Amino acid sequence: MRAYERLIKYAKIHTESAMDMGTTPSTACQWDLARLLVDELKELGLENPSVDEHCIVTAWLPAAPGCESVPALGLLAHMDTAPAFSGKNVNPIVHENYDGGDIVLPKEGRVIKAADFPFLAGLKGRTLITADGSTLLGADDKAGVAEIMTLCERILSENLPHGRLCIAFTPDEEIGEGPDHFDVAAFGAKYAYTVDGGAAGSIEYENFNAATAIVDITGVSVHPGAAKDVMENALLLAQEFNALLPPQAIPGKTEGYQGFFHLDRMEGTAAHAWMEYIVRDHDKGEFTVKKALMGRAASQIQAAHPTARVEITVKDSYYNMKERLADCMHLIDNAKKAAEMAGVSPVVEPIRGGTDGARLSYMGLPCPNLGTGGYNFHGPQELACVEEMDRVVDILANIVALYSK
């Protein structure tokens, strides 16, 4: 079975995660794909396929004869889809021989416009998979899951040389909780890759340092007719707070290594307002500066409005894995070589986000990220390229071969 066929199968299974649920997995629907994957891993003949109480799927492929002494290599992907857009009732559509133009989706009047996404020009003539416009596709990261499963099938059916392979599929990556209960020691890999990126051949070993900041503002609420010199409107104070942050340091105006403040959620009334920001920067020093700036902004608003209450809570989420991969650059070098062997030009680029691999690297498992052949994640214009998914499987097979020597 080719990887895209597995993606279509997995995409139809609802696995959307959810914020602030206090459970792992955050949604019960993620168990459906987890159990299916365990059954498929058993059918393939891997060692001890299972899903634990936290919905983490694991299995192992023992080393081939003569490869027992090479380091165990891990491959990971996540099962959940982002709560940013609906992942329920996904209807995958296959577009053969893509003509390079706009892709009209049948629902919600949505169009994937070639003018908006220049990368589409490079996919002309290939076969693309989209959803129908009413949901996301879920290639993030069911494409990665499908590619790892297809790799396992190929290794076993073609009797390819390989060291011990450690396979894992995690829940809740999209809400930053994928590795919360991951047992690195029991997994047993010395090195690993997450397969959770974009174009085939992309290699990522630098990611944002990340934090969440909650700003909680309690105003002074009185009748508007008697409000002079008394009322402190919490919504207006929230606006004042946001105005103290650099207006150019937002996602829509930054790229590459540039960090940002992202106001992700805001709610409230004149009496009480609540804001949630995510703070990102590749540079650890600048990351610290950004968090300090938010603290000063809260203090400034509090000082200017002493009868109100302004509280800020900042919590780090993950850090730039580059610091933990400095002594493991063979992971990057071998990934580049593996891409070239597959006829794909490798592209090493920073992640403007994070993966399970970032946290796993700090948990003692060096773990850069590889592309899946998917694009436009987290929305209805998401798509995957069939031929790129095939090349990703080739790249993974080449990595395994390189580490088997």
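Which strands and which helix each supply at least two residues of the lining of the largest pocket? The views below are drawn from a predicted model, in which local features need pLDDT of at least 70, side-chain atom pairs count only at pLDDT 80 or more, and totals for chains, interfaces and linings use all residues. Residues are numbered from 1 along each chain as its sequence is written, and side-chain values use heavy atoms, with hydrogens and water left out.

**View 1. The largest pocket has a volume of about 2000 Å³.** Of its 48 lining residues, Glu-174, Arg-280, Gly-353, Gly-354 and His-378 are the closest to its centre. Strands S9 (191–197), S10 (202–204), S12 (260–268), S13 (272–281) and S14 (309–318), together with helix H9 (356–362), each supply at least two residues of the lining. A pocket is an open set of points on a 1 Å grid over the protein atoms alone where a 1.4 Å probe fits, with protein on both sides within 12 Å along at least five of seven lines, and lining residues have an atom within 4 Å of a point.

**View 2. The second largest pocket holds about 170 Å³ of space.** Its lining includes Phe-119, Arg-126, Tyr-375 and Glu-387, and helix H10 (residues 386–403) gives the most to this lining, with three residues. Helices (H or I, at least four residues) and strands (E, at least two) are DSSP runs, numbered from the N terminus.

**View 3. Residues of H1 meet residues of H3.**

How values were computed. Grid points are joined across faces, edges and corners, and a volume is the space filled by probe spheres set on the points. Contact means heavy atoms within 4.5 Å.
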